[in-house]
Amino acid sequence: IYQVQIKVMPLKDLLDPQGKAVLGDYKLGLSGIQDVRVGKNINLQIEAADEATAVAMATEASKQLLTNAVMEYFEVVVL
């Protein structure tokens with residue numbers, strides 16, 4: 001059994017309204033923060049024969065269900 005994390009972020013070229021809202025809040029009291037991007041982490045517990053199979057399963061799940069390829073990119077990490 002593998003613990004896999006999928007990190008999903010908005011594409012760098014797209015506006016991130018949630019990130020901009022957070023940046024606006026930070027600028028009220030903190031200095032030095034230049035940009036904020038808000039994404040999501042999805043943790044999966046996958047039963048697979050080996051790590052490569054677990055990564056392949058998580059990648060396929062990300063492509064089909066967990067991300068919108070038009071607006072987001074993802075990274076799969078085995079924990």
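Colleague: Where does Gln-5 sit in this predicted model?

Modeller: Gln-5 belongs to strand 1, which covers residues 2-10.

Colleague: Why is Gln-5 called buried?

Modeller: The relative accessible area of Gln-5 is 15%, and buried means under 20%. The value falls below that cut-off, so Gln-5 counts as buried.

Colleague: What makes the link between Gln-5 and Asn-43 a polar contact?

Modeller: Their side chains come to 3.3 Å, and the cut-off is a pair of N or O atoms within 3.5 Å. So the pair qualifies. Further along the chain, Gln-5 is also in contact with residues including Ile-42, Glu-75 and Val-77.

Colleague: Let's go to Ser-62. How do you know that Ser-62 is buried?

Modeller: Ser-62, in helix 2, has a relative accessible area of 0%. Buried needs a value under 20%, so Ser-62 is buried.

Colleague: What does the side chain of Ser-62 reach?

Modeller: The backbone oxygen of Ala-58, at 2.8 Å. Leaving aside neighbours within four places in sequence, Ser-62 is in contact with Ile-6, Thr-67, Phe-74 and Val-76.

Colleague: Which residues make up the largest nonpolar core?

Modeller: There are nine residues in all, among them Val-4, Ile-6, Ile-46, Ala-58 and Leu-66. Strand 1, strand 2 (40-46) and helix 2 (51-66) are the elements that each give two or more residues to this core. One member, Ile-46, is in contact with Val-4, Ala-54 and Ala-58, among others.

Colleague: Val-8 is in that core too. Why is Val-8 called buried?

Modeller: Val-8 has 1% relative accessibility, and the limit is under 20%, so Val-8 is buried. Val-8 lies in strand 1 and touches residues such as Gly-39, Leu-66 and Phe-74.

Colleague: How far apart are the C-alpha atoms of Val-8 and Gln-34?

Modeller: They are separated by 21 Å, with the two residues 26 apart along the chain.

Colleague: And the largest pocket: how much space lies in it?

Modeller: About 160 Å³. Strand 1 and helix 1 (17-26) are the elements that give two or more residues to its lining. Val-8 is part of that lining, as are Pro-10, Leu-14, Asp-16 and Met-71, among others.

Technical notes
Residues are numbered from 1 along each chain as its sequence is written. This is a predicted model: local features need pLDDT of at least 70, side-chain atom pairs count only at pLDDT 80 or more; totals for chains, interfaces and linings use all residues. Side-chain values use heavy atoms; hydrogens and water are left out. Helices (H or I, at least four residues) and strands (E, at least two) are DSSP runs, numbered from the N terminus. Buried means under 20% relative accessible area, exposed over 50%, partly exposed in between (1.4 Å probe, protein chains only). A polar contact is a pair of N or O atoms within 3.5 Å; within protein, one must be able to donate a hydrogen and the other to accept it, and residues adjacent in sequence count only if both atoms are side-chain atoms. Contact means heavy atoms within 4.5 Å. A nonpolar core is a set of buried Ala, Val, Leu, Ile, Met, Phe, Trp, Tyr and Cys residues joined through side-chain atoms within 4.5 Å. On a 1 Å grid over the protein atoms alone, a cavity is a set of points where a 1.4 Å probe fits but cannot get out, and a pocket is an open set with protein on both sides within 12 Å along at least five of seven lines; lining residues have an atom within 4 Å of a point. Grid points are joined across faces, edges and corners, and a volume is the space filled by probe spheres set on the points.
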